[in-house]
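Work through the exercises below with the model open. Try each task before you read its solution.

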Amino acid sequence: MHDVAVVGGGLTGVMMATALSHAEMDVALVDRDNDPATGVDERTTTINAAGARMLTALGVWDRLATPPAPIRRVAIAEGILPTGLAARRRAQTDLSWQTNASPMGFVIGNTALQAALRDIIEERPVTRIHGVSVSGWQAGDDGIELSLADINGTGDSSGASSLRAALVVACDGARSRLAEAAGLGLREARQTQTAIVTILEAERHHDDTAFQRFLPTGPFALMPLDGTRLSLVWTLPNAEADRLLAVDDAAFEAACLEAFGPGLGYLRHAGRRLAWPLRPSWRRRISAPGMVLAGDAAHAIHPLAGQGYNLALADAAVLADLLVETGRRGLPASHMSLRRAYEAARWRERAAMTTATSGLNSLFSNAPAGIRHLAGLGFAVLDRLPVKSVFSDIAAGGQLAEAALLEGRLPG
Amino acid sequence: MAPLHAFAPVRIDYILDSVRRLGTSAGGRLDGVRVLDIGCGGGILAEPMARLGGQVTGIDATPEAIAAANAHADMSGLAIDYRCTTAEALAGSGVQYDLVYASEVIEHVTDRRLFAASMAAMLAPGGTIVITTINRTLASFALAKVALEYVLRTVPAGTHDPARFVKPAELRDEFAGAGIMLDDMTGFAPLPARQIGGNGFIRVGSLAVNYAASGTHA
Ligand SMILES: Cc1cc2nc3c(=O)[nH]c(=O)nc-3n(C[C@H](O)[C@H](O)[C@H](O)COP(=O)(O)OP(=O)(O)OC[C@H]3O[C@@H](n4cnc5c(N)ncnc54)[C@H](O)[C@@H]3O)c2cc1C
């Protein structure tokens, strides 16, 4: 029997198994994908300063094939940029944070991150079970028995059809089947928005700035990448997103320019356009006997603030500390005190991030015209909205969770 | 059983802190430490002590408890010496331990002075004694119904009598009489159950309801 079985080989699962292997625990990772390295992922992940400290401590940072792009400024604007230079400056600086010291965050290509994570986990004492899907789940007195199904006969579960662990950490994504099987309900709003995710190449350098432009149809976010490239996450009503996913490059570029304004010069489309359907969702609880949820399985938040993966990192950091604490008490990983403490430790950040990002988004895109008008009155109003706390939090590289790994120390 | 399990971490922490404070074992583990769990029930505290390296003997007067404890230890793959006996009887055999604790037991004992003398006799030099119990106050009477849940395991039905709850001063005097100085006490209080993710019990300054005491030979 393993102490911990991590289910899911996405960015969360591999990072989770690596982190927990430092918590004096016997860890197994069940990963459905046989060879996830194939297929280029043009998405990017934003990592705050605490997350960067954690990935450095885990050895992942040094293995990144392409260097992370630093974020030294955050510029938030409402509506389309005015054209005059002076007015543009005013609009941009009315709500911006800047750091001259260490960067407030970094942007990493998912492909590089995934490769570095897989590189590091090879060196950790983690039992890897590839090409196998978890098909069932049974809670016992002191742990969980997972049923395994070899997807295409190439899995390496060594013929085993089940796996026992004191604690299962479900990192199986936003539509987590394990969470559903454990009765951890998901409250989902109807999907009315889709984010278009792609890469743009700007005429002018971004100056290490992350841009968030709030438009009546949804936020247009640009994260700085290497050179003059930027990662775009553009939230739109479904129909509008569908239209812009289908148009040719020239039409898409024109739409980007119109949405963002001329601040960075011409915006050339330099990648594939991916559709990210956005379903605001909330799970009241993220643990059940013998199981905790992490990553997208625990909280699929709006991409607006780029905080999704930072939450996943904090999940792993907190859980690693709790496993060390539980082990020091001589208690098994299945002990109810562990999942209760996890639930309590993650509650605040989960709630803050979910309400801030979804509240913010709906304020600017779905709210009654009155509120939109209010926001249009001036950025001073924004001071009283969650936006400021979310972004100043990123700016400070701060986090709501406390854990050894988030401070750059290994657990224990 | 859930409340009992929720009560485990704070008690384990107190036992480990006491062992460290009194110099019985350093470094937070119990390797090589001889442990006696008096009123072990199903082994809620005995198993963690064994996982931490302790050589654990668990005693309970109830045969059902010992059977359950043995079955659970087998499942957990732990070697624990469980015996169906009482502290008073075991003390007569002359055995000694480095850590002797009685958690939620002393409030059921008829002759507490004899019980304290038995614990003292079984405590090796430099050893640690830990007691956790319930105070005799208005607050604890009011909470007796709740408290009953926590002691459910060791008590045959009907033997739990709030009049036997123990005041901290009485406990200190009775153990002093047996040559043990209980020089540290702390209160335990539950977190509101409805609080999302409420994590069992925490240490508090007030000894008004649940409390713990520790010490060694005077
Ligand atoms: C189209 C799209 C675009 C996105 N764009 C961005 C972006 O630009 N920026 C950003 O920060 N985030 C983005 N996200 C979100 C981001 O991908 C996730 O937050 C991040 O990858 C962490 O996900 P995860 O590992 O928790 O879950 P997932 O990436 O969903 O991984 C779940 C893993 O679990 C495995 N699995 C599932 N069920 C089982 C089972 N039963 N047995 C075994 N294995 C199982 C799956 O194979 C998968 O490997 C995007 C998401 C999508 C879908």
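**Exercise 1. Confidence**

Task: State the mean pLDDT of chain A and find stretches where pLDDT is below 50.

Solution: 
- Step 1. Take the average: the mean pLDDT of chain A is 82. Of its residues, 78% reach 70 or more.
- Step 2. Residues 366–388 of chain A have pLDDT below 50. Beyond near neighbours in sequence, this stretch still has 25 contacts in the model.
- Step 3. Go on along the chain. Over residues 394–398 of chain A, pLDDT again stays under 50. Here the model has 15 contacts beyond four places in sequence.
- Step 4. Decide how to read such contacts. Where pLDDT is low, predicted coordinates should not be read in detail.

**Exercise 2. Two domains of chain A**

Task: Then describe the side of domain 1 that touches domain 2.

Solution: 
- Step 1. Count the contact. Domain 1 of chain A puts in 17 residues, and domain 2 of chain A puts in 24 residues.
- Step 2. Assign elements on the domain 1 side. Helix 4 (110–121) and helix 9 (336–365) of chain A are the elements that give two or more residues. Helix 4 of chain A gives the most, with seven residues.
- Step 3. Sort by type. The domain 1 side has nine nonpolar, five polar and three charged residues.

**Exercise 3. The ligand shell**

Task: Characterise the shell around the ligand and say where the ligand lies relative to the domains of chain A.

Solution: 
- Step 1. Count the shell: 31 residues surround the ligand. The closest are A:Gly8, A:Gly10, A:Thr12, A:Gly173 and A:Gly295.
- Step 2. Find the elements that give two or more residues. They are helix 1, strand 3 (44–48), strand 9 (132–139), strand 18 (274–278) and helix 8 (308–328) of chain A.
- Step 3. Sort by type. The shell has 12 nonpolar, 13 polar and six charged residues.
- Step 4. Bring in the domains. Domain 1 and domain 2 of chain A both give residues to the shell, so the ligand lies between them.

**Exercise 4. Positive phi**

Task: Examine phi at A:Glu24 and A:Asp208. Is each residue buried, exposed or partly exposed?

Solution: 
- Step 1. Most residues other than glycine have a negative phi.
- Step 2. Take A:Glu24. Its phi is positive, near 55°. A:Glu24 sits in the loop between helix 1 (11–20) and strand 2 (27–31) of chain A. It counts as partly exposed because it has 14 C-beta neighbours inside 10 Å.
- Step 3. Take A:Asp208. Its phi is positive too, about 55°. A:Asp208 sits in the loop between strand 13 (193–202) and strand 14 (209–215) of chain A. With 16 C-beta neighbours inside 10 Å, it counts as partly exposed.

**Exercise 5. Chain B and its interface**

Solution: 
- Step 1. Check burial. Of its 218 residues, 46% count as buried. One example is B:Leu16, in helix 1 of chain B. B:Leu16 counts as buried because it has 23 C-beta neighbours inside 10 Å.
- Step 2. Count the interface. In chain B, 19 residues are in contact with 13 residues of chain A.
- Step 3. Assign elements. Helix 1 of chain B gives the most, with seven residues.
- Step 4. Sort by type. The chain B side has 10 nonpolar, seven polar and two charged residues.

Definitions and conventions:
Residues numbered from 1 in each chain as written. Chains lettered and ligands numbered in written order. Predicted model: local features only at pLDDT ≥ 70, side-chain atom pairs only at ≥ 80, totals over all residues. Contact = placed C-beta atoms within 7 Å. Helix = DSSP H or I, 4+ residues; strand = E, 2+ residues; numbered from the N terminus. Nonpolar A, V, L, I, M, F, W, Y, C, P; charged D, E, K, R; others polar. Buried ≥ 20, exposed ≤ 12 C-beta atoms within 10 Å, placed from the backbone. Near = placed C-beta within 6 Å. Domains from an automatic or database assignment. pLDDT = per-residue confidence, 0-100.
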